[in-house]
Amino acid sequence: MVESVVRVMQEDYSEMEKAAIYRVLRERRDVRAGYLPRALDEPTLQRILAAAHQAPSVGFMQPWRFIVVRDTALRTAVHRIYQCANETAAAIYSGERRELYARLKLEGLLEAPQHLCVVCDQASQRGHGAGRQSMPETSLYSVVCAIENLWLAARAEGVGVGWVSILDPAAIKELLRIPPTADFVAYLCLGYVNAFAEIPDLQHVGWQERADFASVVRTDYFDQPYALDGNTR
Ligand SMILES: Cc1cc2nc3c(=O)[nH]c(=O)nc-3n(C[C@H](O)[C@H](O)[C@H](O)COP(=O)(O)O)c2cc1C
């Protein structure tokens, strides 16, 4: 028989605590420039990683693995992998968009004092496959939940995080000895910053505006808008 779970009494968050949560969500930014050269102190790094480890996961699988990349030669090699991938990526654009793309700063690999590779260990038997029978990709979704936790905790600690996805996963896997049974999910730059931008960089440089909130919420059917004014017919 399964013992009944001990529950902690529900205690409301204070208005200040709620405001802090919404503030960190609003003020989290992807950071590619402005990293201070100062190394992350170990307790802060470990707090951020532990926050990631609190994330939800399918079947409680916790398939995330964090590789703290410290070796300078490895970090330089990752930057080279980025340069190759970015040349290919740039080639799909033409005209003004191509010129704009060329001006985008899409990584801070050489400036950031800390690199972190995030991997999904698909071979893990943890969770006994619960929740993954019909949607095996949920292991990857779980890892992305951990990354978002990390990103938010880092923001609260004054640490900028930049997600670099312009990379050849096979090259990263070979470089960091990631086995075939694991998937490379993310390569992150981390470092203290003096300031976080108010709006996303891509918005600032005119690459892409934030989508209108009303355009992403629907009622009942994919093609039926949601009345954000509270008018529900
Ligand atoms: C899965 C994922 C991959 C990303 N890859 C890159 C990248 O390779 N280079 C980059 O500059 N930003 C990358 N970003 C950051 C996005 O550009 C950024 O989140 C978006 O422009 C919104 O800005 P914000 O995160 O500051 O709100 C990535 C973000 C996500 C979630």
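Predicted model: local features only at pLDDT ≥ 70, side-chain atom pairs only at ≥ 80, totals over all residues.
Biologist: Which residue in S4 is the bridge partner of Val159?

Modeller: Val159 has Tyr192 as its bridge partner in S4. Residues are numbered from 1 along each chain as its sequence is written, and side-chain values use heavy atoms, with hydrogens and water left out.

Biologist: How do you know that S3 and S4 pair?

Modeller: Strands pair if DSSP finds at least two bridges between them. S3 and S4 (residues 182–192) have 6 bridges in the antiparallel sense, so by the two-bridge rule they pair. A strand, by the way, is a DSSP run of E with at least two residues, a helix is a run of H or I with at least four, and both are numbered from the N terminus.

Biologist: What is the order of the strands in the open sheet?

Modeller: The 4 strands follow the order S1-S2-S4-S3, and their pairing is antiparallel.

Biologist: Why do S1 and S3 stand at the edges?

Modeller: Strand S1 (64–69) and strand S3 (159–164) each have a single partner strand, so one side of each has no neighbour in the sheet. From one strand to the next, the twist averages 30°. Helix H2 packs on this sheet, touching S1, S2 (114–121), S3 and S4, and its direction makes about 160° with that of S1.

Biologist: What makes S2 pair with S4?

Modeller: S2 and S4 share 8 bridges in the antiparallel sense, and one of them links Val118 with Ala186 in S4. S2 also runs antiparallel to S1, joined to it by 6 bridges; there, Arg65 has Val119 in S2 as its bridge partner.

Biologist: Why is S2 called mostly covered?

Modeller: Buried means under 20% relative accessible area, exposed means over 50%, and partly exposed lies in between (1.4 Å probe, protein chains only). In S2, 8 of its 8 residues are buried. Gln114, Leu116, Val118 and Cys120 point one way, while His115, Cys117, Val119 and Asp121 point the other way, and all are buried. In S3, 5 of its 6 residues are buried.

Biologist: Is Gly191 buried or exposed?

Modeller: Gly191 has a relative accessible area of 0%, so it counts as buried. Gly191 lies in S4 and touches Tyr35, Leu40, Pro113, Gly158, Val159 and Gly160, leaving out residues up to four places away in sequence; a contact needs heavy atoms within 4.5 Å. Gly191 and Ala112 are 79 residues apart in sequence, yet their C-alpha atoms are 5.5 Å apart in space.

Biologist: How do H2 and H5 pack, at what angle and how far apart?

Modeller: Two packed helices are described by the angle between their axes and the distance between the axes. For H2 (residues 42–52) and H5 (residues 138–156), the angle is about 145° and the axes are 7 Å apart. The axes are lines fitted to C-alpha atoms, for helices over the stretch in contact, and angles run from 0 to 180 degrees between N-to-C directions. Ile48, Leu49, Ala51 and Ala52 in H2 meet Ala146, Asn149, Leu150, Ala153 and Ala154 in H5. The residues of this contact divide into 8 nonpolar, 1 polar and no charged.

Biologist: What is the phi of Gln62?

Modeller: Most residues other than glycine have a negative phi. Gln62 has a positive phi of about 45°, although it is not a glycine. Gln62 is in the loop between H2 and S1, and it is buried at 12% relative accessible area. Arg177 also has a positive phi, near 55°, in the loop between H6 (169–175) and S4, but Arg177 is exposed at 77%.

Technical notes: Nonpolar A, V, L, I, M, F, W, Y, C, P; charged D, E, K, R; others polar.
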